[in-house]
Amino acid sequence: MRAPELTPDARIFVAGHRGLAGSALCRRLRAAGYENLVLAESSEVDLRARGATARFLADNAPAAIVLCAARGGGIAAEAAQPADFLSDNLRIQLSVLDAARALRVPRLLFLGSSRLYPRESRQPIRETSLLSGPLEPANHTYAIGKFAGMAQVRAVREQDGLPWITALPTNLYGPGDNFHPTDSHVLAGLMRRFHEAAQTGAESVAVWGTGTPRREFLHADDLADACITLLSHYDRAEPVNVGTGRDISIADLARMIADTVGYQGGITFDPSRPDGTPRRVLDIGVLTALGWAPRIRLRAGVASTYQWYLNSLALPRPRMAVRGHEVVR
Ligand SMILES: NC(=O)c1ccc[n+]([C@@H]2O[C@H](COP(=O)([O-])OP(=O)(O)OC[C@H]3O[C@@H](n4cnc5c(N)ncnc54)[C@H](OP(=O)(O)O)[C@@H]3O)[C@@H](O)[C@H]2O)c1
């Protein structure tokens, strides 16, 4: 079956539309003229529940699904509750993919992650490096869960001929990120710590690890545009990298964030904390050949995300407040 064209009136289910990736995708889909979005918060439809998920999809009959729903958190949260994270994510994947398969939903995009690549992958990492070596131990449980989702997407393509696809995004950031003090990803976590240090006039901020690992950061709006490109133009079993192709050391990222928030104190590094993979940057050749390119440079994206963070802190109602400061679900 050829991938059907995604017309502007197509019903698109963005699973996880309140999260970092899902909220960006909704913004970009609407901006591109896709108004017929199917959305449900986890409090309305718990996607871990097979029956509720199947009923919801049958009632709404989407022409496309982007699976951005997942139990997310920083490495520390995952390390503290690996069984809970794995169980939730496997159940979300299985109930959405099974229900979509039963309905023969014509288009589905599953979000994997660059954390699925082996620790010692050759850089920049090409899609062919998947499963070519041992994983970074901190990514093991998360990655195994994602591999199960990817394998199911590929198996449905083979068995049922549905043109489902997988994307592998690098580290994301942007409006809607989680700024929790311990359960956030690196960029949002640093932003919150430098913001608070600037507010209190702290003399120094300690950053985990040596500062030497190099990482890649993609604005969620760029990921959203990439998802639209893939849904419109990609129909192959191989997962596709979504990144910027540029990396930055954690030390330089910390300095960039400190500058952005106006923090003037010192920055120290704590080598007793683990560094993780020394370098992770994606080769984005497959995706750029489809006509997509990242548009938001890191410094500009960090500045606009910080502005969003400040605006969110100022919002009066807890429901609208920035995640990590208030419970939003
Ligand atoms: N963030 C990154 O750096 C990154 C990098 C690579 C790949 N990814 C992958 O990209 C995807 C999206 O990540 P994200 O950072 O956007 O996640 P996120 O901000 O944590 O958002 C997760 C979303 O999943 C929904 N969700 C969680 N449990 C649910 C449940 N039981 N039923 C229904 N919905 C549920 C949440 O819905 P409610 O808000 O309604 O509760 C939320 O909207 C994930 O698969 C993640 O693994 C993320």
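**Close-up views of the predicted model**

**View 1. A61 sits in the loop between α2 (50-60) and β3.** Its phi is near 40°, a positive value in a residue that isn't glycine. Helices (H or I, at least four residues) and strands (E, at least two) are DSSP runs, numbered from the N terminus. This is a predicted model, with residues numbered from 1 along each chain as its sequence is written. Local features need pLDDT of at least 70, side-chain atom pairs count only at pLDDT 80 or more, totals for chains, interfaces and linings use all residues, and side-chain values use heavy atoms, leaving out hydrogens and water.

**View 2. R104 has a positive phi too, near 50°, and is not a glycine.** Look for R104 in the loop that runs between α4 (82-102) and β4.

**View 3. Q123 and P124 are joined by a cis peptide bond.** Omega here is about -15°. P124 belongs to the loop between β4 and α5.

**View 4. Six strands make an open sheet in the order β2-β1-β3-β4-β5-β10.** The pairing is parallel; two strands count as paired if DSSP finds at least two bridges between them. β2 (37-38) and β10 (240-242) are the edge strands, each with a single partner, so one side of each has no neighbour in the sheet. β1 (residues 12-15) runs parallel to β2, and two bridges join them. In that pair, F13 stands opposite V38 of β2.

**View 5. Helix α1 (residues 20-31) packs on the sheet.** It touches β1, β2, β3 (64-67) and β4 (107-111), where contact means heavy atoms within 4.5 Å. The direction of α1 makes about 155° with that of β1 (lines fitted to C-alpha atoms, for helices over the stretch in contact; N-to-C angles from 0 to 180 degrees).

**View 6. The second largest pocket holds about 370 Å³ of space.** A pocket is an open set of points on a 1 Å grid where a 1.4 Å probe fits, with protein on both sides within 12 Å along at least five of seven lines; lining residues have an atom within 4 Å of a point. The volume is the space filled by probe spheres set on the points, which are joined across faces, edges and corners. Of the 19 lining residues, E127, L130, R154, E238 and P239 are the closest to the pocket's centre.

**View 7. α5 (140-160) and α9 (285-288) each give at least two residues to the lining of the second largest pocket.** α5 supplies the largest share of that lining, four residues.
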